[in-house]
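These entries record what I looked up concerning salt bridges and strand pairing. The coordinates and sequence follow.

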Amino acid sequence: MRRVPVPERPDWRDHAARAGFTVHTFDDEPYWDESAYYAFTLAEIEDDIEAPTRELHALCLTFADRAVSDGAILASLAIPEHAWDAIADSFRRRDPSLYGRMDFCYGGAGTGPAKLLEYNADTPTALYESAVFQWLWLEDSLARGRLPAGADQFNALHERLIARLAAMGLPGALAFTCYPDAPEDRGTVAYLQDCAVQAGLAAPFVPLEAVGLSEDGRFLDAAGRPLAALFKLYPWEWLLADAFGPAIGASPTRFVEPPWKAVLSNKGLLAHLWAMAPGHPNLLPTYFEDDPGKAALGTSFAKKPLVSREGANILLVRDGVLLERDEGPYGREGFVRQALAELPAFDGRHALVGSWIVGDEPCGLCMREGLGRITTDRARFVPHLIEG
């Protein structure tokens, strides 16, 4: 694994416009950054990222099976009690999941195994640029002779998303909702709508504020029509806490992601995984903040809220000294304390490896990098390739 500086294509913004990639810049700062790429060997991808992702996802499903029948576990995740039956029922029905992303600390072969930092199991973004735009970058750059001949990419995301949507047994239509004025969220949902159409589904968009609830518990679109199935780029912890939350269990509406994903999209998962598989090479020792066992971590650790987004409210401490912290609105549900794993630095930038899962299979990679040790929404997306 190495970071390779390259001149960016002078016309890449024109390519982005034609591809509908509009969130490549935030506040005049680049989000998409093709002034470099990350090069991996095939063994690094297959052995160090893909295989651990598959194994850890299977461990997560084992945990979910245990969690949905254990009120103490659900309480430890700060999931409201009114949602426990809905979560358990959705798992026992095997309501299908669409996708998720595991984020790893990994510096390449010879630096030790990839370590799971968190599982974005419910509402991960950065999907379109991972599935489509970095692949277009690879194809165009190869055609222009700007990359080594024979280069490939760990990227079957687009095909897998379409196939998964077609195989989920949805009732002919899947409505999509998010905050329409959040560009990254709306872009992710628009891409998934396109995938759904290619999978043979109707895929209308319903603004989040227009979603309603009938007296008999059906979720409705803006015209009052029942929604048989709904993809929501809106975290389960928010939905379960708002006025619609108690209606989830009795509603016939099918949700993507399903309610059981709430137990995996919570950073308390990390403490439970460590308790299930202590010493696992791809896990970091992790404890709930009120667990006396956290003393085993000593004075170097990461403190993370049970639920948060884009690095918010994370605090990093090394040898008792604050390394970095990110402010935000999260933390009232509680925290976990995780052994400190500092992201590797390449050319002064800290790199995070994101490993995508569609259904139950790893199928893609994204790289985010930033000057800070905490990966926030300002971290840049840098493409990758597999060296031939």
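Entry 1. I began with Glu342 and Arg318, whose side chains form a salt bridge with an N to O distance of 2.8 Å. I note that the model is predicted. Glu342 sits in the loop between E16 and strand E17 (345-346), whereas Arg318 belongs to strand E14, so the contact ties together parts that are 24 residues apart in sequence. I then looked up the accessibility of both partners. Glu342 has a relative accessibility of 31% and therefore counts as partly exposed. Arg318, at 32% relative accessibility, also counts as partly exposed.

Entry 2. I next asked which strands pair with E13. Strand E14 (residues 315-318) runs antiparallel to E13, and 3 bridges join the two. Within E14, I found Leu316 as the bridge partner of Ala302. Strand E16 (residues 335-339) also pairs with E13 in the antiparallel sense, over 5 bridges. Here I recorded Val336 of E16 as the bridge partner of Lys304.

Entry 3. I then checked how far strand E13 is enclosed. Of the 5 residues in E13 (residues 301-305), 4 are buried, so the strand is largely enclosed by the rest of the structure. The cut-off for buried is under 20% relative accessible area.

Entry 4. I turned to the salt bridges of the whole structure and found 27 of them. One of these joins Arg9 to Glu34, with the closest N and O atoms 2.8 Å apart. The pair links distant parts of the chain, 25 residues apart: Arg9 is in the loop between strand E1 (2-5) and helix H1 (12-19), and Glu34 is in the loop between strand E3 (29-30) and strand E4 (36-40). I recorded both Arg9 and Glu34 as buried.

Entry 5. I examined Arg144 and Asp11, which form a salt bridge with the closest N and O atoms 2.9 Å apart. This pair links distant parts of the chain, 133 residues apart, with Arg144 in the loop between helix H5 (127-143) and helix H6 (157-167) and Asp11 in the loop between E1 and H1. Arg144 has 36% relative accessibility and so counts as partly exposed. Asp11, with a relative accessible area of 25%, is partly exposed.

How values were computed:
Residues are numbered from 1 along each chain as its sequence is written. This is a predicted model: local features need pLDDT of at least 70, side-chain atom pairs count only at pLDDT 80 or more; totals for chains, interfaces and linings use all residues. Side-chain values use heavy atoms; hydrogens and water are left out. Buried means under 20% relative accessible area, exposed over 50%, partly exposed in between (1.4 Å probe, protein chains only). Two strands pair if DSSP finds at least two bridges between them. A salt bridge is a side-chain nitrogen of Lys or Arg within 4 Å of a carboxyl oxygen of Asp or Glu.
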